[in-house]
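Please keep the sequence and the structure in view while reading.

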Amino acid sequence: MSIGGGVHAAIERACSIGCTAMQIFVKNNMQWFARPLTRPEIGAFLKHTQRRELLSVFAHANYLINLAATNPQFHANSLRALAEELIRADQLKLPFLVLHPGAHLGAGEEAGLESIIESIDRVLSGIPKIKTRIALETTAGQGSCLGSKFEHLAYIISRVREPERLCICLDTAHVFAAGYDIGSESAVRKVFAQFHRIIGLDRLVAIHLNDSKTARGSRVDRHEHIGKGKIGLAAFRFIMRNRRFRKIPKVLETPKGKDLREDVENLKTLRALL
Ligand code: FE
Ligand code: FE
Ligand code: ZN
């Protein structure tokens, strides 16, 4: 949900269309850095009368951040930006910040994963008191992006110094584009069994519900409205109905305009599956 007009404005937008969960950026999404949040801004968010209507609010990190960046300046910016966003999210008392693990940019999978692990260690050790966790997101594997295999995420968690500060966000469009078969109930069930075996469902804290414009295995990340893309409704029905996911917040990242009517439509489609 857009934070135009301040972070508190996102609460009003989400509540105006009956959301019970919300994902926000904690600053302008296309800028590396921003001035710190002011006390009044934080207060307006935390004390907003509608804040209680949202059962879960969490953050998504800036898309510029790449913990596997090979350019030293770009990498340094990424570490600083991630730390700052975790601090902002913590000031807003958000439980986690969703982050794309990173893109190795030709350095290779192994080198990329090592860089991500080392970067996470450095960022987290620099902000020991911050409670907001990092939720690594499953990715489509576009270009040299890591995180398209559950094994990548499991490896990162297994190697960092403070694994308790990491959790996972699953994106349906991404796992589909990455090649996982979620086209039927039995197939989705198998994918989640695989997720559980490799990562552990106890790590799963959020789900991005997006349909995909692109085919399974395309490794191209293009979101589509629920039921209008290539995934089909089986995966969404399974996630909406399964008791294991009942308390896991689910958010849309589908195309939308200012009036949010597309969100209203997608919410309706999803809730009709319950
Ligand atoms: Fe994301
Ligand atoms: Fe996503
Ligand atoms: Zn995506």
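In this predicted model, Phe150 has a relative accessibility of 1%, which lies under the 20% cut-off, so Phe150 counts as buried. Phe150 belongs to helix H5, and it takes part both in an aromatic pair with Tyr180 and in the contact of H5 with helix H7.

**Aromatic pairs**

- The count of aromatic pairs comes to nine.
- One of them joins Phe150 and Tyr180, whose ring centres are 4.3 Å apart and whose planes make an angle of 15 degrees, a stacked arrangement.
- Tyr180 lies in the loop between helix H6 (172-178) and H7, whereas Phe150 lies in H5, so this pair ties together parts that are 30 residues apart in sequence.
- Tyr180 also counts as buried, because its relative accessibility is 10% and the cut-off is under 20%.
- Phe192 and Phe238 form another pair, with ring centres 5.9 Å apart; their planes meet at 25 degrees, so this pair is stacked.
- Because Phe192 lies in helix H7 and Phe238 in helix H8 (residues 233-241), their pair ties together parts that are 46 residues apart in sequence.
- Both Phe192 and Phe238 are buried.
- Trp32, Phe33 and Phe74 form one aromatic cluster.

**Packing of H5 with H7**

- Two packed helices are described by the angle between their axes and the distance between the axes.
- The axes of H5 (residues 150-159) and H7 (residues 185-198) come within 9 Å and cross at roughly 20 degrees.
- Angles under 35 degrees count as roughly parallel, and H5 and H7 are therefore roughly parallel to each other.
- The crossing in which H5 passes H7 is right-handed.
- On the H5 side, Phe150, Glu151 and Ala154 make the contact, and they meet Val191, Gln194, Phe195 and Ile198 of H7.
- Of the residues in this contact of H5 with H7, five are nonpolar, one is polar and one is charged.

**Packing of H4 with H5**

- Helix H4 (residues 109-126) packs against H5 at an angle of about 45 degrees, and their axes are 10 Å apart.
- H4 and H5 are therefore oblique to each other.
- H4 passes H5 in a crossing that is right-handed.
- The contact of H4 with H5 comprises six nonpolar residues, one polar residue and three charged residues.

Technical notes
Residues are numbered from 1 along each chain as its sequence is written. Chains are lettered from A and ligands numbered from 1 in the order in which they are written. This is a predicted model: local features need pLDDT of at least 70, side-chain atom pairs count only at pLDDT 80 or more; totals for chains, interfaces and linings use all residues. Side-chain values use heavy atoms; hydrogens and water are left out. Axes are lines fitted to C-alpha atoms, for helices over the stretch in contact, and angles run from 0 to 180 degrees between N-to-C directions. Helices (H or I, at least four residues) and strands (E, at least two) are DSSP runs, numbered from the N terminus. Angles under 35 degrees count as roughly parallel, over 145 as roughly antiparallel, 65 to 115 as roughly perpendicular and the rest as oblique. A crossing is left-handed if the near helix is turned anticlockwise from the far one by less than a right angle, and right-handed if clockwise. Contact means heavy atoms within 4.5 Å. Ala, Val, Leu, Ile, Met, Phe, Trp, Tyr, Cys and Pro count as nonpolar, Asp, Glu, Lys and Arg as charged, and the others, Gly among them, as polar. Rings of Phe, Tyr and Trp (its six-membered ring) pair if their centres lie within 6.5 Å; planes under 30 degrees apart count as stacked, over 60 as edge-to-face and the rest as tilted. Buried means under 20% relative accessible area, exposed over 50%, partly exposed in between (1.4 Å probe, protein chains only).
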